[in-house]
Structure formats: C-alpha cells, structure tokens
Amino acid sequence: MPKAYVFTRYGGPETEALTEVERPGAGPGQILVAVRAAGVNPVDWKLRGGFRRPGESGERVFPAVFGSEAAGVVVAVGEGVSGFAVGDEVFGNTVDGGYAEYALLPAAVSAHKPAGLSFTDAATLPVAAATAYDGVRQLDLPEGATLLVTGAGGGVGAAAVQIARAFGVRVVGVASESKKDFVESLGAVHVPSGPGLAERVRDAAPEGVDAVFDLVGDRTLAEAATLLADRTRLITAGAPPATVAELGGSRVVRARTAAVLDALADLVLRGALNPHVTSAFPLERAEEALRAVEGGHARGKIVIEVAG
C-alpha cells in the first residue's frame, strides 16, 4: 500500500503519522498522479489544528493527508477529463492532500509541467506563488508604481516581490532584519518589520506607496494601511475579511485557474520568478519539513520530494 503523511485528529504534532493508505481512485473531473514533489505551506499545519478554508463544508475524514499542492505523473484519468493522459507530467492543487505517494488533482485547475520546470519547483507554485500572482494582478498597478509587501521574506511574499518586479513595479518589502539580504536579492527595498513601520517606509519611499499587499495581518496591516490615501489599494492574504474590510481594503481574490499556473511556469522558465526552494525532505522526513514551516522562520519554500 502507498504511504502518506497524515494527521489522525485535530490537534498538534502528536496527531501526525507516516502511514499506509489506500491508493485513491480518480473520480469524475479528477486526475490521479504519482507524486514527485509536494509543497509545504502554513495552511497545512493550520488545517491540522481545525482551520477551515473559506467555503469549506462537511466533516473532515480522518486520517487526513497533509498538503495542498503537488507535482507528479498522471497514472489515471477520471470520467469527463480531457486534455490529460496517463504519463503526462502535471502540477496543481490537491483534492485530499499531497504529502503522499499518490494524490488526486482537479483536472480543470491543473496544468501540464513544462519540460524545463523541475517537479520540485512546480510543486511550489499552486498555493503561495498563485496567491501572490492573483494579488499582484488584482492590484493591477502600472509600471513604475510602488508596492509595499509585508511579510516579504515568506513564501507568498517572496513570490509577490518577484512577480511585481516582473511587471515593472517598484517594491518595498517588509521583513525581519535577518531576512534583509534575501529580500534585497529579490529586487525589493528592505524595511525592517516591527513597531514604527510606517515611518521607516516613508523614509524608504518618500514619494509614498501606491498599494499594499499584506501577508502578516494584525498591527502590521493596520500600520501599513495608514500609508494609503486610497484604501481600495489595500489587499491582504494575512487577515480575515472583516479585519481588512474595517480598514477599507479587501482579501486577495483567488482565480484558481490553470491559466495562472501556466503563467507562473512561464515566469520561472524566463528567470523572472525563482521559487527559492531552500530545503527538500524525503516523504519519510515530512515531519521535519512541516516543523520547519510551522516554526515560522523558513525562508522561501520547503518541499517534500517523493521517489519515483
């Protein structure tokens, strides 16, 4: 039986286990892939703690496989699926987890992996990079505009900086002092996080900022909002809808389309987007990969690689 890294109930790390599971079957509109790589994201451990995605309904079935994005090779195609065949190399969001030897992907929002894109890099794109892409496109800033990105040293933030730069936008990136070199390597002007943020941003961008892409929430979001005359230019993926609405902004609207994945793959191939995979762990060490992200200090992306 194939292996998967799961949580057996809601709770902390004590609920996790590497175990054998039934191989999934491809249902209508789905493709089954032999996983080659799976991205690790903060939402993974939050789901273990009982977090519910917006619009999610029904009771979670345990054991539940960790992971929200994966890349691999198609081994089965469900009813009604067109455009995919057994043997295709693909990537996308998962239906029921990706830290596994096999995973289901919804065909309508999955993409073919270009030959020049590694499985490891492809597995990082559907969650963090796609969120970043959707947010930058939502703001629709003209070339030469200035964008403030809070949480610029994390997975979504690092992608947002690079994508905005690829569109000709100047970026001021807020991150801890320890991530200064990393943020600057992405092409952003670094501003240290912490109290007094607004004043430091004004010093770094005396002409002001045209928009804010928040990935932190809380006090950082509130202080960043004071830098905008037009609060409709404030978006967040780091705070609840009600919180940002009180400030006059909105949540990032996710497109969740194959076209976004294709665009991200193209940016990687053109050298405009580096997924910055800083660590890769085998499936047998999935616990270590998840702890690295849950600790909140990982730079770039962490990936679980599954042997072919």
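Where is the place of aspartate 218 in this structure? The numbered points below take up that question and then turn to other features of the model.

1. **Aspartate 218.** The model discussed here is a predicted one. Aspartate 218 has its place in helix 7, which comprises residues 218-225. Its phi is positive, about 55 degrees, although the residue is not a glycine. Aspartate 218 counts as exposed because its relative accessibility is 68%, and the cut-off for that word is over 50%.

2. **Arginine 256.** A positive phi also occurs at arginine 256, a residue other than glycine, where the value is near 50 degrees. Arginine 256 lies in the loop between strand 14 and helix 9. With a relative accessibility of 48%, arginine 256 counts as partly exposed.

3. **Helix 9.** This helix runs over residues 258-269 and has twelve residues; at 1.5 Å a residue it should span 16 Å, and its end C-alpha atoms are 17 Å apart, which agrees. The buried residues in helix 9 are Ala258, Val260, Leu261, Leu264, Ala265, Leu267 and Val268. Among the elements that cover these buried residues are strand 6 (89-93), strand 8 (110-112), helix 3 and helix 4. Helix 9 is followed by glycine 271, whose phi is positive, near 85 degrees.

4. **The nonpolar cores.** The largest nonpolar core has 47 residues, and those that touch the most other members are Phe91, Leu147, Val149, Ile163, Phe213 and Leu264. Helix 3 gives the most to this core, namely seven residues. Isoleucine 163, leaving aside its neighbours within four places in sequence, is in contact with Ala129, Ala132, Tyr133, Val136, Leu264, Leu267 and Leu273.

5. **Aromatic pairs.** How many aromatic pairs does the structure hold? There are six. In one of them, the ring centres of phenylalanine 7 and phenylalanine 66 are 4.9 Å apart and the planes stand at 50 degrees, so the pair is tilted.

6. **An edge-to-face pair.** The rings of tyrosine 133 and phenylalanine 167 have centres 6.3 Å apart and planes at 65 degrees, so this pair is edge-to-face. Here too distant parts of the chain are linked: tyrosine 133 belongs to helix 3 (residues 125-139), while phenylalanine 167 is in the loop between helix 4 (155-166) and strand 10 (170-175), 34 residues apart. Tyrosine 133 counts as buried, with a relative accessibility of 14%, whereas phenylalanine 167 is partly exposed at 25%. Arginine 137 lies over the face of phenylalanine 167, at 5.0 Å from the ring centre. A corresponding description applies to lysine 113, which lies over the face of phenylalanine 119 at 4.6 Å from the ring centre.

7. **The aromatic cluster and a cis bond.** Tyr5, Phe7, Tyr10, Phe62, Phe66 and Tyr99 form one aromatic cluster. Phenylalanine 62 is joined to proline 63 by a cis peptide bond, with omega about 0 degrees. Proline 63 is placed in the loop between helix 1 (42-48) and strand 4.

8. **Threonine 124.** Is threonine 124 buried or exposed? Its relative accessibility is 3%, so threonine 124 counts as buried. Its place is in the loop between helix 2 (119-122) and helix 3. A polar atom of the threonine 124 side chain lies 2.7 Å from the backbone oxygen of aspartate 121. Apart from neighbours within four places in sequence, threonine 124 is in contact with Glu69, Ala129, Pro275, Val277, Lys301 and Val303.

9. **Serine 250.** This residue is found in strand 14 (residues 250-251). Serine 250 is partly exposed, with a relative accessible area of 28%. Beyond its neighbours within four places in sequence, serine 250 is in contact with Gln138, Leu234, Ile235, Thr236 and Val244. Serine 250 and leucine 18 are 232 residues apart in sequence, and their C-alpha atoms are 38 Å apart in space.

Notes: Residues are numbered from 1 along each chain as its sequence is written. This is a predicted model: local features need pLDDT of at least 70, side-chain atom pairs count only at pLDDT 80 or more; totals for chains, interfaces and linings use all residues. Side-chain values use heavy atoms; hydrogens and water are left out. Rings of Phe, Tyr and Trp (its six-membered ring) pair if their centres lie within 6.5 Å; planes under 30 degrees apart count as stacked, over 60 as edge-to-face and the rest as tilted. Helices (H or I, at least four residues) and strands (E, at least two) are DSSP runs, numbered from the N terminus. Buried means under 20% relative accessible area, exposed over 50%, partly exposed in between (1.4 Å probe, protein chains only). A charge sits over a ring if NZ of Lys or CZ of Arg is within 6 Å of the ring centre and within 35 degrees of the ring normal. A polar contact is a pair of N or O atoms within 3.5 Å; within protein, one must be able to donate a hydrogen and the other to accept it, and residues adjacent in sequence count only if both atoms are side-chain atoms. Contact means heavy atoms within 4.5 Å. The expected span of a helix is 1.5 Å times one less than its number of residues. A nonpolar core is a set of buried Ala, Val, Leu, Ile, Met, Phe, Trp, Tyr and Cys residues joined through side-chain atoms within 4.5 Å.
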